[in-house]
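Morning, everyone. I have a few minutes on one structure, so please look at the screen while I talk.

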Amino acid sequence: MQQNNMTETLYNLIFGNPDARRENANVNADTQNGALFLLGTEAGKALALQKLLPADIADAHASGDIHIHDLPFYGLSFNCIQHDLRKLFSKAFKIDTCSIRQPQSVESMGALLAFVLQTAQGECFGGQGVPD
């Protein structure tokens, strides 16, 4: 996307058709933070399509042959991760500045899992799951 096209896209996203601001049901684009988020996601899409993805993949996405979920975050973040509790809690580990030891009960595992999920959410975009 050329500079003028990007500028036009960003302008229309915020000031143009109100329906364009509803592309993500999780974002209220009528707020400042929501509008900034949408601007950032449009810039992230352009970055991924122009610089990070191979041309054939970017073209396939642009033509609608494939869809890359959460494209704005491609190359920037983990997305939609599953936590393997058996592996995660099989030994002690560090997360941020905390040392986590093996839980000794279901209750302590639940508390530790809440901490792990909260911390991981700050490091990734999208959902988290626990398949166990």
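Predicted model: local features only at pLDDT ≥ 70, side-chain atom pairs only at ≥ 80, totals over all residues.

Start with helix α2, residues 32-52. The buried residues of α2 are Gly34, Ala35, Leu38, Thr41, Glu42, Gly44, Ala46 and Ala48.

Now pick out glutamate 42 from that list. Which residue does the side chain of glutamate 42 meet in a salt bridge? The partner is lysine 45, at 3.1 Å from N to O. The salt bridge count for the model comes to 1. Glutamate 42 and lysine 45 sit 3 residues apart in α2, so about one helical turn separates them. As a reminder, an α-helix has 3.6 residues a turn, so residues three or four places apart point the same way. The two ends of the bridge fall in separate accessibility classes. Glutamate 42 has a relative accessible area of 13%, which is under the 20% cut-off, so this residue counts as buried. Lysine 45, at 21%, counts as partly exposed.

Next, the aromatics. The count of aromatic pairs is 2. In the pair formed by phenylalanine 89 and phenylalanine 93, the ring centres are 6.3 Å apart. How are those two ring planes set, stacked or tilted? The planes lie at 40°, so the pair is tilted. Phenylalanine 89 is also buried, with 4% relative accessibility.

On to the loops. Histidine 83 lies between β1, residues 78-82, and α4, residues 85-88. Is histidine 83 buried or exposed? Although it sits in a loop, histidine 83 is buried, at 11% relative accessible area. Setting aside neighbours within four places in sequence, histidine 83 contacts Val116, Leu117, Ala120, Gln128, Gly129, Val130 and Pro131.

Alanine 92 is in another loop, the one between α4 and β2, where β2 is residues 93-95. Its relative accessible area is 53%, so alanine 92 counts as exposed. With neighbours within four places left out again, alanine 92 is in contact with Ile100 and Arg101. For a distance along this part of the chain, take alanine 92 and alanine 114: they are 22 residues apart in sequence, and their C-alpha atoms are separated by 16 Å.

Technical notes
Residues numbered from 1 in each chain as written. Heavy atoms only, no water. Phe/Tyr/Trp six-rings, centres within 6.5 Å; stacked < 30°, edge-to-face > 60°. Buried < 20%, exposed > 50% of the residue type's maximum accessible area, 1.4 Å probe, protein only. Helix = DSSP H or I, 4+ residues; strand = E, 2+ residues; numbered from the N terminus. Contact = heavy atoms within 4.5 Å. Salt bridge = Lys/Arg side-chain N within 4 Å of Asp/Glu carboxyl O.
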